[in-house]
Amino acid sequence: MKNNVVLIGMPGAGKSTVGVVLAKLLGFRFLDSDLLIQEAEKRLLSEIIAQDGLERFMQIEDEINAGIRAENTVIATGGSAVYGRRAMEQLRMHGSVVYLRLSFEEICARVGDIKQRGIVLREDQTFRALYDERCPLYERFAELTVDAEGRSVEELALRILSLLRQENETGVRIPLR
């Protein structure tokens, strides 16, 4: 296992919630990259998007995520982190990237108010189109994909831990279907 675990997936997939539990199980620190962005900018994600626009937000996100220097840390990224190639390459170099996969229907049930969450959604884009656009990106960057559908936070954290240990012992990526 690399010295960090990086969680990617759609907003509402449970990256932050599962990340805290996984960090406890591993004895790692926990870092939420969305909170880093808000701290650096001294604004909420939704305010950055409203005031600076989507393109600038994604530049800020890529810069901050690419600058993360952590060890023994579970990092929960924002759902749009996969648009930042530089950041994803940096995160992948120092961490095992785990995609928390959920159905569109389950994501919708969890997300709530899209505008308040600071979700990177173009004006002419539906949430479904965003989901369809991002899923292939998550799959491309992920080293491990975990089906989160119907799993509790604890079950999901234990599943990720088990897969990370298997990967570490064998050096072989585990197909997760």
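What share of the contacts in the chain with a separation of 6 or more comes from residues 24 or more positions apart? Those pairs account for 71%, where a contact means heavy atoms within 4.5 Å.

Before you click around: this is a predicted model, so local features need pLDDT of at least 70, side-chain atom pairs count only at pLDDT 80 or more, and totals for chains, interfaces and linings use all residues. Residues are numbered from 1 along each chain as its sequence is written, and side-chain values use heavy atoms, with hydrogens and water left out.

Start with the cartoon view. You'll find nine helices and five strands, in the order β-α-β-α-α-α-β-α-β-α-α-α-β-α along the sequence. Helices (H or I, at least four residues) and strands (E, at least two) are DSSP runs, numbered from the N terminus.

Of the 177 residues, 50% are buried (under 20% relative accessible area; exposed is over 50%, partly exposed in between; 1.4 Å probe, protein chains only).

Next, select residues 85-94, which is helix α5, and pick out A87. A87 is buried, at 1% relative accessible area. Leaving aside residues up to four places away in sequence, A87 touches D62, N65 and A66. Draw a C-alpha to C-alpha line from A87 to A66: 3.8 Å in space, 21 residues apart in sequence.

Last stop, cysteines. Select C108, partly exposed at 36%, then C135, buried at 11%.
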